[in-house]
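Subject: Structure for you to look at

Hello,

Here is the structure that I said I would pass on, with my notes below it. Please read the notes with the structure open.

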Amino acid sequence: MKPEAKWFVYIEADTSISWLNLLLLLKRLDSNKSLYFGAQNVIGETTFGHGGSGFVVSNAAAKKLEDLQQRDGRAFVEKWEKITSESCCGDEIVARAFVEVNVHLTPAWPLIQGETVATIDWTQRHWCTPAVTWHHVSPNEIDTMWKFQKAWVDEKGWKTPYLYRDVFQHFVDQHIHVNRTDWINISQDWKFEKPSSADSSFEDSVSDHSDVNRGKPFSKLAEDEQRSVNSFDECAVACLNKEDCKQYMWEPGRCRLGRDIRLGRSEEKGGMGVKSGWMQDRVEDF
């Protein structure tokens, strides 16, 4: 339908896209080469571009597939309709079709990725990379990202990309300088839970492969780890005692610690009294 287009960009309704960063990226690439790129995912033997994160197809790659369809005619349609009806995922089917014309996915993560500002791990893996897409975002979040981009372009023009660093400084930094009540910051690298008084066998029920209490009976944990479940302050101390811990999350009987910085979300409806905090000096050092 659009044979003159240089690029075909696929995004879903809950995907936010930075036209600034996308156009700067495509400007560096050649649409006459067979390119199909996105955030890599795997099902079975197929590596494909995750549809929710968005993926991009060059004119040359699209033409290869179109030429095959024109050559095989109805047989092409019947074959792929059947395969599609038996598959869970349309994005995986796209990749399988491209493999038939010898076009394989070029991984483009983290330029293209499937997290939100609230859920992504703010680490060196992303920090200096342009942010092209976000997934599972609400209409309001799409609008907010659009306004952020517009303000960026108004100030810096269309030749300077914004990086994950810039998104962090605008959307996240101001919110993690205080402890937050009724807030889940997705700390998940260390998980400590106090044995339930209603279930005295809890200690023995933790398997060796469980990440709760590091697979140990609660009584075998270090003293600060045991105390961490008693209060928000004790949970903070347990984080302080681990050199690479940057944030913590507490609710009665549970303490969670995290190596990576995450913003997280409000949990007012849960009524569980969840509290979250961040190690300010370590965040600043990062």
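The buried residues of helix H4 (residues 90-99) pack against strands S3 (36-38), S4 (40-43), S5 (46-49) and S6 (55-58), and against helices H2 (59-72) and H3 (74-85). They are Asp91, Glu92, Ile93, Ala95, Ala97 and Phe98. Buried means under 20% relative accessible area, exposed over 50%, and partly exposed in between (1.4 Å probe, protein chains only). Helices (H or I, at least four residues) and strands (E, at least two) are DSSP runs, numbered from the N terminus.

This is a predicted model: local features need pLDDT of at least 70, side-chain atom pairs count only at pLDDT 80 or more, and totals for chains, interfaces and linings use all residues. Residues are numbered from 1 along each chain as its sequence is written, and side-chain values use heavy atoms, with hydrogens and water left out.

On confidence: pLDDT is the predictor's confidence in each residue, from 0 to 100. The chain has a mean pLDDT of 91, and 94% of its residues reach 70 or more. Residues 197-209 have pLDDT below 50, and this stretch has 14 contacts in the model beyond near neighbours in sequence. A contact means heavy atoms within 4.5 Å. Where pLDDT is low, the predicted coordinates should not be read in detail.

The chain as a whole: there are 10 helices and 15 strands. Of the 286 residues, 45% are buried. The C-alpha atoms fill a box of roughly 70 × 50 × 35 Å along the principal axes. Among contacts with a separation of 6 or more, 66% are between residues 24 or more positions apart.

The sheet: five strands form an open sheet in the order S9-S15-S12-S13-S11, with antiparallel pairing. Its edge strands are S9 (180-181) and S11, each of which pairs on one side only. Two strands pair if DSSP finds at least two bridges between them. Strand S13 (residues 254-258) is mostly covered, with four of its five residues buried. Four bridges join S13 to S11 (residues 190-193), and Lys191 has Arg256 of S13 as its bridge partner. S12 and S13 form a hairpin with two residues between them, and Gly253 in the turn has a positive phi of about 85°. S12 is also joined to S15 (residues 275-278) by four bridges; Met249 has Ser276 of S15 as its bridge partner.

Backbone points to check: Trp109 and Pro110 are joined by a cis peptide bond, with omega about 5°. Pro110 lies in the loop between S7 (106-107) and S8 (133-135). Asn102 is not a glycine but has a positive phi of about 60°. Asn102 sits in the loop between H4 and S7 and is exposed, at 57% relative accessible area. Asp182, also not a glycine, has a positive phi of about 55°. Asp182 is in the loop between S9 and S10 (183-184) and counts as partly exposed at 24%.

Charged pairs: a salt bridge is a side-chain nitrogen of Lys or Arg within 4 Å of a carboxyl oxygen of Asp or Glu. By this rule there are 20 salt bridges. One of them joins Arg74 and Glu78, with the closest N and O atoms 3.3 Å apart. Both residues lie in H3, four residues apart, about one turn of the helix. Lys147 and Asp143 form another, at 3.2 Å, and they too are four residues apart, in helix H5. Lys147 is exposed at 54%, whereas Asp143 is partly exposed at 33%. Arg227 and Glu234 also meet in a salt bridge, at 3.6 Å from N to O.

Regards
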